[in-house]
Amino acid sequence: MSTATGYNFAYLDEQSKRMIRRAILKGVAIPGYQVPFGGREMPLPHGWGTGGMQVTASVIGEADKLKVIDQGADDTTNAVSIRRFFAHTAGVETTEQTAEATLIQTRHRIPERPLKANQILIYQVPIPEPLRFIEPRESETRKMHALSEYGAMQVKLYEDVARFGHIATSYDYPVMVNNRYMMDPSPIPKFDNPKMSMMPALQLFGAGFEKRIYAVPPFTRVESLDFDDHPFEVQSWEEACAICGSDHSFLDEVITDDNGSKMFVCSDTDYCGDRVAQGFVGSAADLPIAEMETEQ
Amino acid sequence: MNTTADLLTPTREWQDIAPLLSVRELNKFYAPGKGCGDISFDLYPGEVLGIVGESGSGKSTLLSALSARLTPDSGNVIYNSEQFGEMDLYACEESLRRVLMRSEWGIVHQHARDGLRMNVSAGANIGERLMAVGERHYGQIRTRAEEWLTAVEIDTSRIDDRPSQFSGGMQQRLQIARNLVTHPKLIFMDEPTGGLDVSVQAKLLDLLRNLVSRLGLSVIIVTHDLAVARLLAHRLMVMRRGEVVETGLTDQVLDDPQHPYTQLLVSSILQN
Ligand SMILES: Nc1ncnc2c1ncn2[C@@H]1O[C@H](COP(=O)(O)OP(=O)(O)OP(=O)(O)O)[C@@H](O)[C@H]1O
Ligand SMILES: [Mg+2]
Ligand SMILES: [Zn+2]
């Protein structure tokens, strides 16, 4: 199958796609388990989400509608290049609307709008092994997973509480999948961790550099590690989104002028725009920055 | 002459109790004379067995084979586990051996950095085994860590310091605390006082002796220092070129050695 551009559909050759699909199926069968795969080179440097792109290339079909987000936004360089890449090599439709997308490739965020059963969320993962920081040997971390030896990970949380008085880890916050495998959720904020649990959409994770694929099938329990006396908590803000007034989304701090004035706005630009379209307003609705943010 | 057979015959006070560890015809050789062979003995609860012998005689090889870290060429090591009952260490699942190592057993290495996590705090080093066996209450982990620091005579104010900020003697005591926190039954030690200053050694030995008798620990300790053996061990096994040449109660072996090699060993120590 090839397009007018001269590339195979979605760039990857069919044999590589089949190999990656086999890894994905194995991942789905063993939730949270890291499946090694023979990674292929993609025409983007590592760190640009080549792991996520290989997964996307292997599951995308002509009827799919692709959304790509980076830090919650659709308009960053990384998101735009990946979206263009698939528009060009697969000729698929792209969208910025979470509700319309069938495939969402992401870095750093899970959309605020709850995902549905007909959607697939594909994460770009830099470091797939949650135990790496405490155990550099791959042979040993594989054994630790096989035998569910996860006490060492709790040590990391212990050190947080000892040093800061609370669990200070706020991104890349380790989870247990289906009560069996410990998993690195990729550098999403822990704010998004609860969304992973019992999600109706399929979640796929691709690490290009370390050549690992893992998955959380729909409606799978995902639990964040914690202590009985220091339970898991998500980030919260005193403020509401300055643009749409949301008091329940993940907020980014933006500097609004040279004097260092700042405000908080939704990191998920599609979600924020949707709310504005529905008539919600925030405290800064009349400032020029608010218009800028909602224009796209 | 005392022989291996003596160790198979329990002394009176132990004869009604089942052995904790039974070793039968254990062999592990890297090359002829390099390793250990034909080792058989029973270790009873509360007993401290010393393994002595010159450098290269196979002490560490034997200790590794006994503590499930080095698969022997032949022979059996049977451990009477609280959790799993009687286990043939090299016939059972690796996962069970690893559970033993972090619960019922303790392993104290000669070099503290082999037994400690140098990049996390002293409290985390002690707490790790608790967390590994399922403890999830930070406050309780912290309290237990403080208790164990006190037990090994490290000021509790050092709980958040890393072992790299500790002296050699403190690192060794931390390693002991890290092992004892899960109340193991059996401790394996390889030259725990090696490389320490004499006065630091004495303090560590004193501490070990108190802990062992207070907690009723069973210990297998490797040392080439007969003074250490005299102070800690109830019984001795003397090794030479991978073989046990003499065994018996510590005082008997040291005061009235039967084998010419033991006589040499004892006299050379006395001459120093
Ligand atoms: N991994 C190995 N491969 C090959 N030979 C080994 C290995 N480990 C130990 N040996 C050899 O086996 C013999 C016994 O070594 P072992 O370390 O058990 O002696 P030891 O009694 O503990 O000595 P020391 O008092 O110096 O620690 C030595 O000759 C040693 O060189
Ligand atoms: Mg040795
Ligand atoms: Zn908003």
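Predicted model: local features only at pLDDT ≥ 70, side-chain atom pairs only at ≥ 80, totals over all residues.

Trainee: Is R241(B) buried or exposed, and what is its relative accessible area?

Mentor: R241(B) is not a glycine, yet its phi is positive, about 45°. A residue counts as exposed over 50%. R241(B) is therefore exposed, with a relative accessible area of 55%.

Trainee: What is the phi of S148(A), a residue other than glycine?

Mentor: S148(A) sits in the loop between α4 (138-146) and α5 (151-164) of chain A. S148(A) is partly exposed, at a relative accessible area of 35%. Its phi has a positive value, near 50°.

Trainee: Which protein atoms are the donors of the zinc ion (ligand 3)?

Mentor: The donors lie 2.2 to 2.3 Å from the zinc ion. Along the chain they follow the spacing C-x2-C-x21-C-x5-C. They are the SG atoms of C241(A), C244(A), C266(A) and C272(A).

Trainee: What is the geometry of the site of the zinc ion (ligand 3)?

Mentor: Four donors count as tetrahedral if all angles lie between 85 and 135 degrees. The angles among the four donor atoms here are 104 to 118°. For reference, the ideal angle for four tetrahedral donors is 109.5 degrees. The site of the zinc ion is therefore tetrahedral.

Trainee: How many residues apart in sequence are the parts that the pair C241(A) and C266(A) ties together?

Mentor: Both C241(A) and C266(A) are buried. C241(A) lies in the loop between β10 (222-224) and β11 (251-255) of chain A, and C266(A) lies in strand β12 (residues 262-266) of chain A. The pair, both donors of the zinc ion, therefore ties together parts that are apart in sequence by 25 residues.

Trainee: Which element supplies the largest share of the shell around ligand 1?

Mentor: The residues surrounding ligand 1 include Y30(B), K34(B), E54(B) and T61(B). By class, the shell has one nonpolar, seven polar and three charged residues. At least two residues each come from β2 (34-43) and α2 (59-66) of chain B. The largest share, three residues, comes from α2(B).

Trainee: How much of the accessible area that ligand 1 has on its own does the protein cover?

Mentor: Polar contacts with oxygen atoms of ligand 1 come from the side chain of S55(B) at 2.5 Å and from the side chain of K59(B) at 2.8 Å. A polar backbone atom of G58(B) is 3.0 Å from an oxygen atom of ligand 1. Of the 640 Å² that ligand 1 has on its own, the protein covers 60%.

Trainee: Which backbone oxygen lies 2.7 Å from a polar side-chain atom of N8(A)?

Mentor: N8(A) is in the segment before α1 (14-29) of chain A. N8(A) is buried, with a relative accessible area of 18%. The backbone oxygen at 2.7 Å from its side chain belongs to L12(A).

Trainee: What distance separates the C-alpha atoms of M131(B) and L249(B)?

Mentor: M131(B) is in helix α5 (residues 122-132) of chain B, and M131(B) counts as buried at 1% relative accessibility. M131(B) and L249(B) are 118 residues apart along the chain. Their C-alpha atoms are separated by 39 Å.

How values were computed:
Residues numbered from 1 in each chain as written. Chains lettered and ligands numbered in written order. Heavy atoms only, no water. Donors = N, O, S within 2.8 Å, 3.2 Å for Na, K, Ca; no water. Tetrahedral: all angles 85-135°; square planar, octahedral: opposite > 155°, others 65-115°. Helix = DSSP H or I, 4+ residues; strand = E, 2+ residues; numbered from the N terminus. Buried < 20%, exposed > 50% of the residue type's maximum accessible area, 1.4 Å probe, protein only. Near = heavy atom within 4 Å. Polar contact = N/O pair within 3.5 Å; in protein donor to acceptor, adjacent residues only side chain to side chain. Areas by Shrake-Rupley, 256 points an atom, 1.4 Å probe, with all protein chains shown as cover. Nonpolar A, V, L, I, M, F, W, Y, C, P; charged D, E, K, R; others polar.
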